[in-house]
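Hi,

Here is the structure I promised to pass on to you. Have a look at it first, and then read my notes below.

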Amino acid sequence: VLAGLGSPAENDYYGPDRETADGQPVARGLLYRFLEHEFNDVAKTTARPAWFEGRVGTPYDAGTPLQDAPAKIETPHGSVPVHGLIDRIDVVPGTTPTQLVVRDYKTGYITPSESDSLLGTSFQLPLYALLAEDALPAETVGGTYYHMSPPSSVNSRKGLLTSQSMAVYHGSDDVETPLLRQSYPYFETHRAFRQFIEETTPRRLGQLT
C-alpha cells in the first residue's frame, strides 16, 4: 500500500531506492497508484469529489450524515425505506440541477459489471443514485465501481452505469463530461438512463421487497 510514497528515509515501506526512466519509484504501491490515477485520469472530468461515506438513514453510526431519515423510495408496491452509506459522491459544479456521480470502492477481485446493474442482479449503484437524490437537491448522472486491488490495480471505470452523453473515452485530452469510459455505455441518452433510475429500479426494488 505505501510503496513509493515520500522518501526511503521517511518510509520504511518505500521499496527499492531506485527510479524508472521517467522519474517514478520502481515500486509504486496501491496508495501511490490511486493518487496517480486520481490526478491523471479522474481529475480530467468535470466532476469533483464532494462527500465520502455519505450516510442516508442509520445503517450504523458512521460516515458523513446527509440525512438521518432513510430514503423513502416509492415503488408500485408501496414506499420502501432504505438506509445506506455511499462511499463517494462527486459533484459537477455550476450545473442545474446539480449533477452527481456516485462511486463505490471495491477491493476484491470480483466487481459487478454494467450488465449486472442492467439485469437487476446488482442494485448498489442505482440505489446509491436514489439515496443521494433523496438527501440532496441534485440529479445523478452516473455511477461506477472504483476497483482497487493490491498491489497495483486501480480503475475508476468498472461497472460504469451512465449514458453515452455523460462519458467520453478515458484517453481523451479534452473532457467536458462527468465520467470517463472504456466502452460505450448501454444507454445512449441521459433520458433513457434516468428512466432506468426513476422507474426500473423502484419497480424491481418493490418486487424484491
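Searching the whole structure turns up six aromatic pairs; rings of Phe, Tyr and Trp (its six-membered ring) pair if their centres lie within 6.5 Å, and planes under 30 degrees apart count as stacked, over 60 as edge-to-face and the rest as tilted. One of them joins phenylalanine 34 and tyrosine 146, a tilted pair at 5.4 Å centre to centre with 45 degrees between the planes. Phenylalanine 34 sits in helix α1 and tyrosine 146 in strand β7, so this pair ties together parts that are 112 residues apart in sequence. (Helices are DSSP runs of H or I with at least four residues, strands are runs of E with at least two, and both are numbered from the N terminus.) Both phenylalanine 34 and tyrosine 146 are buried, where buried means under 20% relative accessible area, exposed over 50%, and partly exposed in between (1.4 Å probe, protein chains only).

Before I go on: this is a predicted model, so local features need pLDDT of at least 70 and side-chain atom pairs count only at pLDDT 80 or more, while totals for chains, interfaces and linings use all residues. Residues are numbered from 1 along each chain as its sequence is written, and side-chain values use heavy atoms, with hydrogens and water left out.

Back to helix α1 (residues 30-40): its buried residues are Leu30, Tyr32, Phe34, His37 and Glu38. They pack against β5 (84-92), β6 (98-106), β7 (138-149) and β8 (153-162).

Now for arginine 103, which is in strand β6. Is it buried or exposed? At 3% relative accessibility, arginine 103 counts as buried. Its side chain makes a polar contact with the side chain of aspartate 90 at 3.0 Å (a pair of N or O atoms within 3.5 Å; within protein, one must be able to donate a hydrogen and the other to accept it, and residues adjacent in sequence count only if both atoms are side-chain atoms). The arginine 103 side chain also reaches the backbone oxygen of serine 156, at 3.4 Å. Leaving aside neighbours within four places in sequence, the residues in contact with arginine 103 (heavy atoms within 4.5 Å) include Tyr128 and Tyr146.

Last stop, helix α3 (residues 124-135), which has 12 residues. Of those 12 residues, 10 are buried, among them Leu125, Tyr128 and Ala135.

Happy exploring!

Key. Expected span 1.5 Å × (residues − 1).
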